[in-house]
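Hi everyone, thanks for making time this morning. I have one model to walk you through, so please have a look at it while I talk.

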Amino acid sequence: MDLLKQKILTEGEVLDGGVLKVDNFLNHRLDIEFLNEVGLYFNDKFKNAGVNKIITIESSGIAIATITAQYLHVPVVFVKKNVHINLPDDVYIENVQSFTQKKDNKLVIAKKFINKGDKILILDDFLAKGNALNALINMVEKAGANIVGIGIVIEKVFQGGGDRIRERGFDVYSLAKIKSMENNHIVFED
Ligand code: 5GP
């Protein structure tokens, strides 16, 4: 997606530890017209996949999932992070190492919102090492639902998560794939 690549080059900031800061349009301030374009791309890719539900992770996944859902006409369920759990039998839980915060996050989703036979589209803002996406896939599989698509806004190919998920047998559709970000120089994969 050329517009996304342009925005990454002009508005993105490479931080230590292989983190790309895009808080001007995706992670803090939301550029809605741009996010609408993201939604149109995901809709175009997944409109014939039979999706009946989108799953994402709070907080940055919610905006892209919501805009895409308007085109696919399906609900969004977002996985919560680190909520207090009263009734563990009612939820699926996965512990995941956070890429940006270097700590563990407890990902939680209510069992009632993910059902056997659901056709799930997973969307997220970034794919780095693949821990978050791997956990989402585990939750969907525990529920006996089907993953009919995975969409990522920015995949950092050099951090290996995409390979890991593709080796697990899933197709990952990423709108921008970053091959390297050394010395503040961002290189995209074709
Ligand atoms: P992973 O689990 O694939 O290592 O990391 C994915 C999660 O970490 C995403 O949900 C995203 O919130 C966060 N993340 C990973 N890399 C980056 C990055 O370069 N910039 C930002 N803003 N978030 C990232």
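I'll go through the sheet, then the cores, the ligand site and a few backbone details.

First, some housekeeping. This is a predicted model, with local features needing pLDDT of at least 70 and side-chain atom pairs counted only at pLDDT 80 or more, while totals for chains, interfaces and linings use all residues. Residues are numbered from 1 along each chain as its sequence is written, and side-chain values use heavy atoms, with hydrogens and water left out.

Let's start with the sheet. Helices and strands here are DSSP runs numbered from the N terminus, helices being H or I with at least four residues and strands being E with at least two. Two strands count as paired if DSSP finds at least two bridges between them. With that, we get an open sheet of eight strands in the order β5-β6-β4-β3-β7-β8-β9-β10, and the pairing is mixed. At the edges sit β5, residues 91–97, and β10, residues 187–188, each pairing on one side only.

Now follow the β10 end of that order. Strands β8 (146–156) and β9 (173–180) run parallel and are joined by five bridges; E155 has K177 in β9 as its bridge partner. From β9 to β10 the direction is antiparallel, with two bridges, and I178 is partnered with F188 in β10.

What lies across the sheet? Helix α4, residues 131–142, lies across β3, β4, β5, β6, β7 and β8, at about 160° to β5. That angle is between N-to-C directions, on a scale from 0 to 180 degrees, with axes fitted to C-alpha atoms, for helices over the stretch in contact. Contact means heavy atoms within 4.5 Å.

On to the packing. A nonpolar core is a set of buried Ala, Val, Leu, Ile, Met, Phe, Trp, Tyr and Cys residues joined through side-chain atoms within 4.5 Å. Buried is under 20% relative accessible area, exposed is over 50%, and partly exposed is in between, using a 1.4 Å probe and protein chains only. The largest core has 33 residues, and L4, I8, L20, L26, I54 and I154 touch the most other members. Two or more residues come from each of α1, α2, α3, β7, β8 and β9, and α3 gives the most, six. Leaving aside residues up to four places away in sequence, L4 touches F25, F34, V153, I154, L175 and A176. Apart from this core lies another one of 26 residues, including L127, A143, I150 and I152.

Which residues come nearest to the ligand? Of the 16 around it, they are L20, K129, G130, A132 and K156, where "around" means a heavy atom within 4 Å. For polar contacts we take pairs of N or O atoms within 3.5 Å. Ligand oxygen atoms lie 2.7 Å from a polar backbone atom of G130, 3.1 Å from one of N131 and 2.8 Å from a backbone N or O atom of A132.

Finally, the backbone. E58 and S59 are joined by a cis peptide bond, with omega about -5°, and S59 sits in the loop between β3 and α3. H73, in the loop between α3 and β4, has a positive phi near 60° without being a glycine. H73 counts as exposed because its relative accessibility is 70%.

The β9–β10 hairpin has six residues between its strands, and N183 there has a positive phi near 50°. N184, in the loop between β9 and β10, also has a positive phi, about 70°. Thanks, and I'm happy to take questions!

Technical notes: A polar contact is a pair of N or O atoms within 3.5 Å; within protein, one must be able to donate a hydrogen and the other to accept it, and residues adjacent in sequence count only if both atoms are side-chain atoms.
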